[in-house]
Amino acid sequence: MRLITWNINSLRLRLPLLKQIVEQENPDIVCLQETKVPDPLFPAQALAEMGLSHQVYKGMKGYNGVAILSRHPLQGVDGTPDWCTRSDCRHVAASIATPAGPILLHDFYVPAGGDIPDPEENEKFAHKLAFVDEATTWFTSTPPARSILVGDLNIAPLEHDVWSHKQLLKIVSHTPPEIERLKAWMATGFQDAMRTITPEPEKLYTWWSYRNRDWKKSNRGRRLDHVWMTPDLMPGLRNVRVLQDVRDWTSPSDHVPVILDFDPA
């Protein structure tokens, strides 16, 4: 199976880019973050015309929003937490049937956290830390099995997940409190599929700021987007690719898609 995860930064704005990616890569499943569309306006028909007729999504006007789209039947998962009691559309889960049994798929958009890495001074950073803590607690009490977790987790945990480890240690997304929490979340029962395929010390980025005039030349990237798998699925891991060239397309997201190829057996 082929899965694509992408912070699309407005689904309706970038539908043509998504269509191009789907035509080129032929994914079975697409997970999106920052769809920025309320559910009544979700472009379900346009996505069905791309072959992604099975859809589970949560959205709101102008912010956040997540969606799982599939060529194969999906069953939405009820009973997941209302993270930080905000009802802000940052997580959706679905079960997908495979010959070897169902796979549980989680699609997350973790809060970015603002600019000041101090929860006392910055409520957005406090929210981010609380969100990851809550996710860690929930997955600890609900241990994952035959599960894949993807999305924009807004934390680059490893030294070579950022363009400069030293310069970014005090920058939100690569601070020690965030890294410590993300690793604790992963340790609830997941493994890092991206770094299994592309181990340290190779640089690995999925995001380049809009502020960089020439993102490719400066290459000041961060790996904010992640693909995690439970150990029972890791033998089926075949490949993970970052579609870096999409960052150069017309009107791109600041994130690029990540492709997971895996055998669900």
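## Questions on a predicted chain

In this predicted model, Ile8 sits in the loop that runs between β1 (2-7) and α1 (15-25).

Visitor: Is Ile8 buried or exposed?
Guide: Apart from neighbours within four places in sequence, Ile8 is in contact with Arg14, Leu18, Leu32, Gln33, Glu34, Thr35 and Ser253. The cut-off for burial is a relative accessible area under 20%, and the relative accessibility of Ile8 is 0%, so Ile8 counts as buried.

Visitor: How far apart in space are Ile8 and Pro40, C-alpha to C-alpha?
Guide: Ile8 lies in the loop between β1 and α1, and along the sequence Ile8 and Pro40 are 32 residues apart. In space, the C-alpha to C-alpha distance between Ile8 and Pro40 is 19 Å.

Visitor: Where is Glu34 found, and which residues does Glu34 touch?
Guide: Glu34 belongs to the loop between β2 (29-33) and α2 (44-49), and with a relative accessible area of 14% this residue is buried. Not counting residues up to four places away in sequence, Glu34 touches Asn7, Ile8, Asn9, Ser10, Leu11, Asn64, Gly65 and Tyr109.

Visitor: What is the phi of Asn64, one of the residues that Glu34 touches?
Guide: Asn64 is placed in the loop between β3 (54-58) and β4 (66-70), where it is buried with a relative accessible area of 8%. Most residues other than glycine have a negative phi. Asn64 is not a glycine, yet its phi is positive, at about 55°.

Visitor: In which loop does Asn154 lie, and what is its phi?
Guide: Asn154 lies in the loop between β8 (147-152) and α4 (165-168), and its relative accessible area of 8% makes it buried. Although Asn154 is not a glycine, it has a positive phi of about 60°.

Visitor: Which residues are joined by a cis peptide bond?
Guide: Most peptide bonds are trans. In the loop between α6 (193-197) and β10 lies Pro201, and the bond in question, with an omega of about 10°, is cis and joins Glu200 and Pro201.

Visitor: How many aromatic pairs does a search of the whole structure find, and what geometry does the pair of Trp83 and Phe131 have?
Guide: The search of the whole structure finds 14 aromatic pairs.

Visitor: How many residues apart in sequence are the parts that the pair of Trp83 and Phe131 ties together?
Guide: Both partners are buried, as Trp83 has a relative accessibility of 5% and Phe131 a relative accessible area of 0%. Trp83 lies in the loop between β5 (74-76) and β6 (91-96), whereas Phe131 belongs to helix α3 (residues 123-141), so the parts tied together are separated in sequence by 48 residues.

Visitor: What kind of aromatic pair do Trp83 and Trp138 form, and how exposed is Trp138?
Guide: The rings of Trp83 and Trp138 are 6.0 Å apart, centre to centre, with 85° between the planes, which is an edge-to-face pair. Because Trp83 is in the loop between β5 and β6 and Trp138 is in helix α3, this pair ties together parts 55 residues apart in sequence. Trp83 and Trp138 also belong to one aromatic cluster, whose members include Phe108, Trp185 and Trp228. Trp138 is partly exposed, with a relative accessible area of 21%.

Visitor: What separates the C-alpha atoms of Trp208 and Ser253?
Guide: Trp208 has its place in strand β10 (residues 207-208) and counts as buried at 0% relative accessibility. Leaving out residues up to four places away in sequence, Trp208 touches several residues, among them Trp215, Arg247 and Asp254. Trp208 and Ser253 are 45 residues apart along the chain, and their C-alpha atoms are separated by 9.2 Å.

Visitor: What is the radius of gyration of the chain?
Guide: The chain holds 7 helices and 14 strands. The globule rule gives 18 Å for 265 residues, and the value for the chain is close to this, so the chain is as compact as a globular protein of that length, with a radius of gyration of 17 Å.

Visitor: What share of the residues of the chain counts as buried?
Guide: The accessible surface of the chain comes to about 11600 Å², and carbon and sulfur atoms account for 51% of that surface. Of the 265 residues of the chain, the share that counts as buried is 55%.

Methods
Residues numbered from 1 in each chain as written. Predicted model: local features only at pLDDT ≥ 70, side-chain atom pairs only at ≥ 80, totals over all residues. Heavy atoms only, no water. Helix = DSSP H or I, 4+ residues; strand = E, 2+ residues; numbered from the N terminus. Rg over C-alpha atoms; globule rule 2.2 N^0.38 Å. Buried < 20%, exposed > 50% of the residue type's maximum accessible area, 1.4 Å probe, protein only. Areas by Shrake-Rupley, 256 points an atom, 1.4 Å probe, with all protein chains shown as cover. Phe/Tyr/Trp six-rings, centres within 6.5 Å; stacked < 30°, edge-to-face > 60°. Contact = heavy atoms within 4.5 Å.
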